[in-house]
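Trainee: Could you walk me through this model and show me how to read its features?

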Amino acid sequence: MLQKDIKRLSLIMLFTPFALWIALLIIIPHLGMVVLSLREKVAPRVYEYGLGNYVDFMNEPIYWNTLLRTGSMSLLVTALALIIGFPIAYYIAKIAGYRTRGALFLLCLIPLWVSDLIRAFGWILLLRETGVVSSVLQWSGLIGEPIEFLYNDITVIVGLVYTVILFMIVPLVSTLDGMDESMVEAGYNLGGSGFTVLRRIIVPYAMPGIVSGCIVVFMLTAGSYLTPILLGGKNSSWFTEQIYEQFITRFNWESGAAFGFLLLAFTSLVVWLGLRLTGQTLANTVAKS
Amino acid sequence: MQLKTTLVSLLAATVLSSASMAQAETLRLMTWGSYAPDELVKKFEAENPDITVEVTFSNNEEMIAKLRATGGAGFDLAQPSHDRIYAAQLEYDIYKPLDLSKINTGDMETSLLDGVKANTTIEGEVYAVPHQWGTSGLMADKTKAPDFAGWGDLCDPKYKGKTSMRLKRTILLGTAFSMGENPFDAYSDLDKYQSILDKVAEKLIECKANIKAYWKGGDDLSAMMLSGEIVGSETWDSTAYKLYGENPNIVFVPPKTGALAWIDTFALPRKGKADDAAYKWINFVMQPENVTIMSGSTGAIAAVKGGLDLLPADKKAAVTAAFTPADIENLKFFANIPPGVEDMEGKTLDKIKAATGG
Amino acid sequence: MTSSPVHDLECIDVSKKFGSVRAVDNVSFTIPSGSFFSILGPSGCGKTTLMRMIAGFEDPSNGDIKIKGKSVVETPPNKRNVKMVFQHLALFPMMNVYENIAYGLRCNGASKSEIEHRVRDVLDRIALPDVAHREIHQLSGGQKQRIAIARCMVLDPDVLLLDEPLGALDLKLREAMKIELKLLQHQFNTTFIYITHDQSEALVMSDHVAIMNEGQFEQIGTPQQLYHAPNTAFVAGFVGDSNRWSGTVAQAQGSDVKVETTAGLPLNCTLIGNNVPLVGEGVEIFVRPEFITVQRQLAKTDGDIDAGHNQLEGVIDSLLFNGANSRVLVRSQTNQLIEADVTLTGGTDDLKPGDAVHLIWHAQQTMCFRT
């Protein structure tokens, strides 16, 4: 009896911080956001409930274009992170020796020790017209005029891929780590070419890791703020910037909340579609990686 | 066991810190970067040993957003610009009226004081007094862009890819003036204002190809200007003055339609807890000897009588290099922003940002 | 099956070095078509490396490997017609049974109807016709085993390699699978090469067994040859149970050798090998427990015992009861423990610990090897 009570008590005590964290920092603020997003300002200090903020969003092509643009660029970043991250993860998990492995992981981690802002400024120092890359290219005679590498979508994508790739590599490494090498050998032994083995055995096996990496990377990218703002050019709007603008510059918390909620809904929809298309379940991917 | 020790020491620390708070008053100041130089804070704390100053750096939008989030709590003194008080107060009720008898208004430049009072009086109560003023205008490298003179020159194809601006309301207003409109007059007629904004948007979208990048803050603007990546830009005068100190070819250029003038003010957040300390700080920084230190740090001119003369020598040189008396005559002070205008301007800015002009 | 002199698999002087370690050292052997061939050796003897070279996952440092008479050393693993059943089977968990078996056929570019037909066919042959659409994790251990074999056999390999595939099964199932594997091999009539460290698996199933030690083959032969006529002390000790002593030669005459063990026990032995040892040289002596007869009283008087017999007295130390395979441990007067097989009927005259007994065995069954 006593033993059971103690067990139950310790379970509650272990669970409480988590429950509090979820409730206080995630559920309640989001409910607040929903309520706020349903308020419409009719006059100073007078509000009514309605869907006006969402209707405004639908009626303004700039807003949903920005959202679609953010979504498609995030998908591109996710795809690039996967294409670049997969060989790295495979090398770390299957080819590198035990020691090299730690060192490689550490190398991947290093960018995370520096804040977003510093990293973005690092890119700016490298890529600006009078920056390191341009100067070196000029000095080596490859280009005659200084080139501006900053302020375009490619730079934004490069910067984002650099920032998020670790979050792709980690789940991939942990899934691939569990793969029996003999599975790959069996794939070859039964007559598969390298490509067949990759497509029919390694990728399907790593699918839970791929999907969970993609979810994390997509969410991080779609929700990132500093990198697209600092590296982006004149035309590069990012949806988080819209939300910031609504909240801070235009004092329009109601529509900012609606935008925030729309971003959440949109990214959730994309993730759901991704899970459906790959035939994975959330439980499956999270449990396995 | 260890947890217990940690808890005890944490508790002890809390008790101690609240005890020390009880003894000394804390002045929680929310202001612009460089508006609270260390030297002045130390001097103030020395003169008022029972007051500790805690500074948070911010900008107009964030000041309002932060005070709105708490209903005016968390800070004892804020320094928004004069045009950002009236509507914010009506809308969110975040400030409290000032007791003018506690402020040495006699030393203040009368025209600025009256202007701010006029802008920030609601139901007979005054909500702000002026602190410093400055302008937004243009800056140019004289050697590379000698005839930079008006807002429109930012879009001059001669300087293609060599100019910059900040995509905020200032450039909308400046461009409107350069197109012969008076946007402040149109504040009373929002339909008219919208038509002006549409014209401005068209012009600025067309201009996008000419712009290298929109700057976001003083640092990236300075870097672009000093490296020579751009030759002219929209700017705050204080940034231009700082660059003048590093490269005397870079000067502030008041646009021929008039530089846009702002006045940063003192206002008390509604739930501020240290009003007396706040009044002490206001009077302290407006003392002539402190004005020079402040202006040295901010590059702005104090709203006291003879404020220009109290500038440190280098800043004074920069200002006199930039302004003729006629330019000062021609200043356009930002008018109070009526409700709704921020949204209109925001949408216009979104439109410009989203357009693909180059 | 085939009358051509070509062997299914031929290894000629195959070696593999990892750094300075010779994992496989000059191994040569040929395997006739359609036989069940085992490579038996302790872990680390190089048998897995040898198998991986045959499959193509390792390149031999030197030597040649021929399949059906053609060298495959330059052929990549996916082009060799050698299929492999892995130690943990390596079934693909993300595919169902049908897809697992169809995988190799798809790689070969077989048509859809052909795949369908051949998968059905092979599932029938392994007597699992209804599992095609099950997931791998829904199968029992024995079923997985058979699917792993079917996945290879559907491709009609020249040689099937099996890398200790029974290791993960429990004892009962392992016993059953031994017989089943043998039957499957008969059914498919394909050359099986079976790698194991478990001698009973090798002896039960194989037509021929190679005993491998430290990278080299000690002996190749039928299970009976290995058991009854080991060529080396290692084989004698490794295959089957033995009482093992060291001793020195007291007298040698042809293959009849009289030795004295280090404990001072005189024994009559049969020498294995051609070099007659000198008196005083060291030898290793092996006697299998089933050849030792345990008697309470000697049936004949001392003098009647053949000169070719060994005989000694001792006291039963303990009984090792294991049904038909029961043994006794007898402590000799020289204080050595000797194992001997006995039949325990459960009756009152069964041997008990503490009984004084005589042990008798023939010199022919006392093998000695020069050390």
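Trainee: How far apart do the C-alpha centres of domain 1 of chain C and domain 2 of chain C lie?

Mentor: Domain bounds come from an automatic or database domain assignment. Here chain C is split into domain 1 (9-233) and domain 2 (241-370), and their C-alpha centres lie 40 Å apart. Keep in mind that this is a predicted model, where local features need pLDDT of at least 70, side-chain atom pairs count only at pLDDT 80 or more, and totals for chains, interfaces and linings use all residues. Residues are numbered from 1 along each chain as its sequence is written, while chains are lettered from A and ligands numbered from 1 in the order in which they are written.

Trainee: Where in chain A is confidence lowest, and where is it highest?

Mentor: Look at pLDDT, the predictor's confidence in each residue, from 0 to 100. Chain A has a mean pLDDT of 87, with 97% of its residues at 70 or more. Confidence is lowest in helix α13 (residues 282-288) of chain A, at a mean of 64, and highest in α3(A), at 93. Where pLDDT is low, the predicted coordinates should not be read in detail.

Trainee: At what angle do the axes of α1(A) and α12(A) cross?

Mentor: Helices are DSSP runs (H or I, at least four residues), as are strands (E, at least two), numbered from the N terminus. Axes are lines fitted to C-alpha atoms, for helices over the stretch in contact, and angles run from 0 to 180 degrees between N-to-C directions. The axes of α1 (residues 2-37) and α12 (residues 253-278) of chain A come within 7 Å and cross at roughly 125 degrees. The two helices are therefore oblique to each other (under 35 degrees is roughly parallel, over 145 roughly antiparallel, 65 to 115 roughly perpendicular and the rest oblique).

Trainee: Which residues of α1(A) make the contact?

Mentor: Two residues are in contact if their C-beta atoms, placed from the backbone, lie within 7 Å. From α1(A) come A:Met33, A:Val34, A:Leu36 and A:Ser37; the residues from α12(A) include A:Trp253 and A:Phe261.

Trainee: How many residues does chain A give to its contact with chain B?

Mentor: Chain A gives 19 residues and chain B gives 21. On the chain A side, α11(A) gives the most, with four residues.

Trainee: And which element gives the most to the side of chain A that touches chain C?

Mentor: That contact takes 16 residues from chain A and 17 from chain C. On the chain A side, α8(A) gives the most, with six residues.
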